Amino acid sequence: MSEINKDLTPRQIVAELDKYIIGQNDAKRNVAIALRNRWRRMNVKEEIQGEIVPNNILLIGSTGVGKTEIARRLAKIADAPFTKVEASKFTEVGYVGRDVESMVRDLVEQAVNMVKISKKEEVKEKAAEVVEGLILDALIPPLKGSPNSYATKIGSDEPENEVELNEQTRARFREKIRNGELDDRKIEIDVTSNPSGGVGMVGGGMDEASMINIQEMIGNMMPKKKKKRKVTISEARKILLEEEAAKMIDMDEVKEEAIFKAENTGIIFIDEVDKIAKGGDSGKGPDVSREGVQRDLLPIVEGSAVNTKYGIINTDHILFVAAGAFHFSKPSDLIPELQGRFPIRVELDNLTKADFLRILTEPKNALTKQYEALVASEEVKLTFQDDALEEIAEMAFHINEEVENIGARRLHTVMSKLLNEILFDIPDTIGPNAQIVIDKKTVQEKLEGLVKDKDLSRYIL
């Protein structure tokens with residue numbers, strides 16, 4: 001069975017999150033404790049194990065401050081199934097639209113994919129041997145006859161018959177296949193093709209998940225067809241390896257492990273939960289009974305059995321992380337029962353000028369590093385001076401204050417505007433081996449219009 005990573009202490013989890021998310025220490029501490037508690041629960045006495053429920057978390061903060069990123073990175077650290085949903089996409093039972101149970105089905109699908117990848121990795125070597133044989137058969141088909149007769153005359157230089165000659169040729173070609181010498185050579189292989197064409201259904205009242213399940217069920221009932229494809233040996237290896245590995249794994253074992261993984265380590269991130277609260281703007285926009293959606297969410301978060309195509313999954317120990325900006329409503333506008341299911345509330349801080357500067361330089365996936373890597377692919381070196389980075393941070397913070405606070409996402413706007421011309425000129429005007437240095441003056445020149453036009457932004461769609 002799947003086991004939760006016991007090596008990561010809360011402090012180490014926060015250190016991992018620090019590599020990608022700047023600030024928000026309170027939120028990081030709480031999610032780190034929640035993650036460690038899952039391992040702790042799995043290691044207590046069995047009679048009390050079922051009684052310990054996860055402390056679901058409600059993250060409150062403006063857009064772009066890191067709510068989604070914290071949950072997504074947490075799932076990666078834990079190697080746990082993770083799914084993100086928007087509460088505003090759900091509708092009350094009885095209306096056409098996504099039902100709340102679909103989030104659990106999505107989670108199980110994620111878990112199955114994760115377990116499949118893990119199992120395929122285990123049988124990879126065995127499958128590679130089978131694939132090697134299939135490629136060899138396509139190149140040099142074996143002749144009928146016993147290859148053992150050749151083995152007894154291995155000391156002989158000359159092959160005594162065609163079977164032996166064929167075996168010698170196959171041995172030479174097997175070596176070439178292993179060394180990658182024939183990777184560009186084309187061969188014809190048999191590939192299993194899934195029955196094409198969707199199954200149309202007349203009449204409403206059926207959601208997307210049910211449609212997919214029915215189509216898959218009918219697809220499985222239809223006989224699998226083989227079709228011939230002419231591909232290079234390199235491509236054939238990938239296609240056949242996928243097929244052979246899939247044949248070797250036990251799907252019943254995959255389903256069992258995936259359900260265990262989803263139930264005990266799964267994380268569901270419910271974004272825009274403030275949109276289903278009865279706030280100050282409850283009279284505006286589409287409203288398919290916000291309170292009804294909350295009441296539908298309640299049994300899932302409280303713990304219930306959900307039927308999926310892989311089996312029944314209990315949601316009692318799934319960790320739910322909800323998030324919302326709560327600009328026009330407040331957490332107390334949610335129904336009391338749902339509020340009670342999110343006992344830990346964390347308010348995320350708005351980003352400061354110093355935070356913007358750190359976001360540009362410190363994280364592993366910092367925007368400056370991304371642009372440097374993009375330009376480096378054209379053999380051009382891009383560097384940012386310290387004063388330029390300070391100016392970019394200053395401008396992003398200033399625009400957020402003046403126009404609309406969209407958090408760290410503002411940096412994407414600023415960086416895109418700053419480097420737009422340079423990215424367009426590479427490689428036509430700016431050729432390989434060029435060096436581009438971004439200084440404070442360049443930033444001011446390129447972004448002058450962006451700051452000046454802030455008052456017009458409210459009129460631009």
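Q: How many salt bridges does the structure hold?
A: The model, which is predicted, holds 28 salt bridges.

Q: What meets lysine 84 in a salt bridge?
A: The partner is aspartate 271, with an N to O distance of 3.7 Å between the side chains. Aspartate 271 belongs to strand β5 (residues 267-271) and lysine 84 to strand β2 (residues 82-86), so the pair ties together parts that lie 187 residues apart in sequence.

Q: Is aspartate 271 buried or exposed?
A: Aspartate 271 is buried, its relative accessible area being 14%. Lysine 84, in contrast, counts as partly exposed at 28%.

Q: Moving on, what does lysine 309 pair with?
A: Lysine 309 forms a salt bridge with glutamate 109, at 3.7 Å from N to O. This pair links distant parts of the chain, 200 residues apart: lysine 309 sits in the loop between β6 (305-308) and β7 (311-314), and glutamate 109 in helix α5 (residues 102-122).

Q: What is the relative accessibility of lysine 309?
A: The value for lysine 309 is 30%, which counts as partly exposed. Glutamate 109 is also partly exposed, with 29%.

Q: And which residue forms a salt bridge with lysine 119?
A: That is glutamate 253, and the closest N and O atoms are 2.7 Å apart. Lysine 119 lies in helix α5 and glutamate 253 in helix α11 (residues 251-265), so parts 134 residues apart in sequence are tied together by the pair.

Q: Is lysine 119 buried or exposed?
A: Lysine 119 is buried, with a relative accessible area of 11%, whereas glutamate 253 is partly exposed at 39%.

Q: Now for the asparagine. Where is asparagine 56 found?
A: Asparagine 56 occurs in the loop between α3 (46-49) and β1 (57-60). Its relative accessible area is 4%, under the 20% limit, so asparagine 56 is buried.

Q: What does asparagine 56 touch, leaving aside residues up to four places away in sequence?
A: With those left out, asparagine 56 touches Val301, Ile318, Leu319, Phe320, Arg341, Phe342, Pro343 and Ile344.

Q: How far is the C-alpha atom of asparagine 56 from that of valine 31?
A: The two C-alpha atoms are separated by 9.2 Å, and the residues are 25 apart along the chain.

Note on methods: Residues are numbered from 1 along each chain as its sequence is written. This is a predicted model: local features need pLDDT of at least 70, side-chain atom pairs count only at pLDDT 80 or more; totals for chains, interfaces and linings use all residues. Side-chain values use heavy atoms; hydrogens and water are left out. A salt bridge is a side-chain nitrogen of Lys or Arg within 4 Å of a carboxyl oxygen of Asp or Glu. Helices (H or I, at least four residues) and strands (E, at least two) are DSSP runs, numbered from the N terminus. Buried means under 20% relative accessible area, exposed over 50%, partly exposed in between (1.4 Å probe, protein chains only). Contact means heavy atoms within 4.5 Å.
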